[in-house]
Amino acid sequence: MFENIDTSLIDWSRAQFALTAMYHWLFVPLTLGLAVIMGLMETFYVTTGKEFWKNTAKFWMKLFGINFAVGVATGLILEFEFGTNWSNYSWFVGDIFGAPLAIEGILAFFMEATFIAVMFFGWNKVSKRFHLASTWLTGLGATISAWWILVANAWMQYPVGMAFNPETVRNEMVDFAAVALSPMAIAKFFHTVLSSWILGAVFVVGISCWYLLRNRQKEFALSSIKVAAAVGLFASLVTAWTGDISGVQVAKVQPMKMAAAEGLHDGGNGVPFTIAGDLKIPKMLSILATHDIDGYVPGINNLLEGGYQMPDGTTALSAEEKIKRGQIAIAALDAFRKAHKAGDEASAAAARKTLDENVKYFGYGYIKDPAHLVPNVGLTFWSFRIMVGLGGYFILFFIIVLIVSKKEKLADMRWLQRVALWTIPLAYIGSQAGWVVAEVGRQPWAIQDMLPVGAAISKLQTGSVQLTFFIFLLLFTVLLFAEIGIMLKAIKKGPEGIKN
């Protein structure tokens, strides 16, 4: 079904997709976060009638619009790459993966395009309440867009609701609800969207503190900080909760990712959580992964060697046995197709039976060495700690900012203002680290246990992928610096209609 492809092509294709995804994710969380904050500010305007809140909302909307435009451009390129660089993937699971992307395009994009026009150009042309509804619906459209993208990604992490058709050599959707509402999709959606609210809140607090450092727009800055810090603290606490839910899901369906994220080579019962080096919290990993203080957590070696008891009572297979069964499934598929084409229905039925018995391990048949099943442990381990550590920092940061703001002392605390400003890049680092854990930890799979990346890519010339990698790197960097430049210009100008 899939031909052997040069490993350098695999590496460059992965690098190009990672480049595009990471640049795209610089813009998405700020869009989602600012949508909530500016929606709240316009709500205050409609309920109080104060022009101050209208002008405050309009300022953050301007930054939202700048960021939104660049995010759309990078997102479109990302979706096109599924067809250009990952055609085998698109063929193999396009019937399933394409559905969420199509719904996103039809529903979310049209919704955003309709109401964002009213939001930006409808001031004084439509009623206050209609404009407010348009603002919230723009943010809702962006969130719905994120929902369907995250459903697609969650399905790659935990493929459900499909059946393999040997006649077409495609996985076909048989249960849309299972795909759209899988536990992995729900947990990933809330964790990702709420973490985006954190980034948006940090951004607003940091930019507002920039005004305080320069003794400009004090009322605007302090009011923005109070709103953003409240949103940020709520989002930080709920993100931590959804992170716990996600951790349990990962431990169940992606145990190798869990083992890599913990640097756990040999598991067991009552496993400690490693903070760094020899600094460990006794039994904490078992609690986080299983919600049982003595729960069993397999390590990398356990997963490769097999032999331990699974939660359902069965015995885990070794990596070598899974590879063997995967090869049997591939051979059975080939035999089925040949027999079916020749009209030998008896042989086709026998091959189909063998295929159905081993199709669960189909993807393992393309793995050459059990060691290839282990993701980059160092990168996954430290990215996870960066994400979790910064998550804890943000909770503390928002608590301090809210307390100081309530006591009306923030305007005089220049050290905290500087901390807030420099917290902005930390929010981006934490956001990117989360995606590194999710995607690097899943390797070598494009679709968990079903399709390795080596079998998912298009048959291209390595040089063409290298060329487009550097073209995209240049293009995205130019777009990023252009956005930063336009944003800085808008920030320096400040909100209109608000006195210093």
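This is a predicted model: local features need pLDDT of at least 70, side-chain atom pairs count only at pLDDT 80 or more; totals for chains, interfaces and linings use all residues.

Me: How many helices and strands does the protein have?
Reply: Both kinds of element are present. The strands come to 8. The helices come to 15.

Me: Why does the radius of gyration agree with a compact globule?
Reply: The protein has 500 residues, so a compact globule would have a radius of gyration near 23 Å. The C-alpha trace spans about 80 × 50 × 40 Å along its principal axes. The radius of gyration agrees with the globule value, because the protein has 25 Å.

Me: What share of the residues is buried?
Reply: Buried here means under 20% relative accessible area. The share is taken over the 500 residues of the protein. It comes to 53%.

Me: What share of the contacts with a separation of 6 or more joins residues 24 or more positions apart?
Reply: A contact needs heavy atoms within 4.5 Å. Among contacts with a separation of 6 or more, the share from residues 24 or more positions apart is 79%.

Me: How far apart are the mean positions of the positive and negative charges?
Reply: The protein has 40 positive and 36 negative charges. Their mean positions are apart by 14 Å.

Me: How far apart are the end C-alpha atoms of residues 469-491?
Reply: The unreviewed UniProt entry annotates residues 469-491 as "transmembrane region". In the model this span is 100% helix and 0% strand. Its end C-alpha atoms are apart by 32 Å.

How values were computed
Residues are numbered from 1 along each chain as its sequence is written. Side-chain values use heavy atoms; hydrogens and water are left out. Helices (H or I, at least four residues) and strands (E, at least two) are DSSP runs, numbered from the N terminus. The radius of gyration is taken over C-alpha atoms; the globule rule is 2.2 Å times the number of residues to the power 0.38. Buried means under 20% relative accessible area, exposed over 50%, partly exposed in between (1.4 Å probe, protein chains only). Lys and Arg count as positive and Asp and Glu as negative; His and the chain ends are not counted. The place of a charge is taken as NZ of Lys, CZ of Arg, CG of Asp or CD of Glu. UniProt positions are given in the numbering used here, feature names are shortened, and annotations may be inferred rather than shown by experiment.
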